[in-house]
Amino acid sequence: MSDRSTVETAIGFDPAGTTSRASFLRKSALGGALLVGSGAVLTRPSAALAGHSDSIPDVDVLNYALTLEYLEATFYTQALGGSGTTGVPASSAEFDRGEITGSRLFAGFGGRIRSSAFELLSAIRDHEVAHVDFLRTALGAAAVGPCTPDFSSALGSVEAFVGTAQVLENTGVMAYDGAIRYLDSGDFLQAGAEIATIEARHAAYLNLINGDSPFPDAFDDGKLPSQIFAAASPFIVSCPPAVVALFGRLP
């Protein structure tokens, strides 16, 4: 099974919206249900209500988000090149503009979508780098360092790159939706929501160019940090002790 398929299975990724929420809870490779304080399964519309009864500090939630943003920013920087930022090494491009726009992935689209693909994918890269910078600034000296990733299996072709980007962005949406309930600060809640909606815009674009619905369901599912970490693990070689300890504290 490819890394992308492993990630898709782990998070119950279903861009076409053909798998119901109940079916995911039954069939997810990680098993279990999304839980609220007392252990009740989330139901709509109560799933939209924030709040928690544990002692997870905001700094842990922000470092969780930062760990994921490091991975996303590094992935796009390796694919498209860029100067990077703290925790995201500069990289030469794996794919240039001609390889992106000439990909068979865009064969069924008009010239506008094809011609803008490189700029839009580069904009996603810049957004992810900006998210890293924002979270590091918010955390200051408490910011954790990045895990060491290996995206070689996801960068063998433009199609693999864009397909993996779709999975990572949808995973990012699930991660923010699942973690935002653990934040206490109103400022951090708003910041988390503002990043989550951008991740969702990225996911919608990538769903579309991969031939899936940009908005497959009326609600997005939030996933537990343990589920997200397991889904990202095919791309992770190692993590700093502080990150390993962080995921040990999270739900």
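Which residue forms a salt bridge with Arg 249, and how far apart are the closest N and O atoms? Select Arg 249 and Asp 60 in this predicted model: the two form a salt bridge, and the closest N and O atoms are 2.9 Å apart. The pair links distant parts of the chain, with Arg 249 in helix α9 (residues 241-249) and Asp 60 in helix α3 (residues 58-80), 189 residues apart. Arg 249 is partly exposed, with a relative accessible area of 47%. Asp 60 has 7% relative accessibility and counts as buried, because buried means under 20%.

Next, select Arg 97 and Glu 119. This is a salt bridge as well, with 2.1 Å between the closest N and O atoms. Here too distant parts of the chain are linked: Arg 97 lies in helix α4 (residues 97-101) and Glu 119 in helix α5, 22 residues apart. Arg 97 counts as partly exposed at 41% relative accessibility, and Glu 119 counts as partly exposed at 37%.

Stay on helix α5, which spans residues 111-139, and move to Arg 125. Is this side chain's residue buried or exposed? Arg 125 counts as buried, at 15% relative accessibility. Show its surroundings: leaving aside residues up to four places away in sequence, Arg 125 touches Tyr 76, Thr 77, Leu 80, Gly 81 and Gly 82.

Now select Lys 223 and Asp 221. Their side chains meet in a salt bridge, at 4.0 Å from N to O. Lys 223 counts as buried, with 3% relative accessibility. The count of salt bridges in the model comes to five, among them Lys 223 with Asp 221.

For the last stop, hide the rest and display helix α6 (residues 158-179) with helix α7 (residues 186-209). The two pack at an angle of about 150 degrees, and their axes are 8 Å apart. Angles over 145 degrees count as roughly antiparallel, and α6 and α7 are therefore roughly antiparallel to each other. Their crossing is left-handed.

Colour the contact residues on each side:

- On α6, select Val 162, Ala 165, Gln 166, Glu 169, Asn 170, Val 173, Tyr 176 and Asp 177.
- On α7, select Gly 192, Ile 195, Ala 196, Glu 199, Ala 200, His 202, Ala 203, Leu 206, Asn 207 and Ile 209.

Colouring by class shows 10 nonpolar, five polar and three charged residues in the contact of α6 with α7.

Key
Residues are numbered from 1 along each chain as its sequence is written. This is a predicted model: local features need pLDDT of at least 70, side-chain atom pairs count only at pLDDT 80 or more; totals for chains, interfaces and linings use all residues. Side-chain values use heavy atoms; hydrogens and water are left out. Helices (H or I, at least four residues) and strands (E, at least two) are DSSP runs, numbered from the N terminus. Buried means under 20% relative accessible area, exposed over 50%, partly exposed in between (1.4 Å probe, protein chains only). Contact means heavy atoms within 4.5 Å. Axes are lines fitted to C-alpha atoms, for helices over the stretch in contact, and angles run from 0 to 180 degrees between N-to-C directions. Angles under 35 degrees count as roughly parallel, over 145 as roughly antiparallel, 65 to 115 as roughly perpendicular and the rest as oblique. A crossing is left-handed if the near helix is turned anticlockwise from the far one by less than a right angle, and right-handed if clockwise. Ala, Val, Leu, Ile, Met, Phe, Trp, Tyr, Cys and Pro count as nonpolar, Asp, Glu, Lys and Arg as charged, and the others, Gly among them, as polar.
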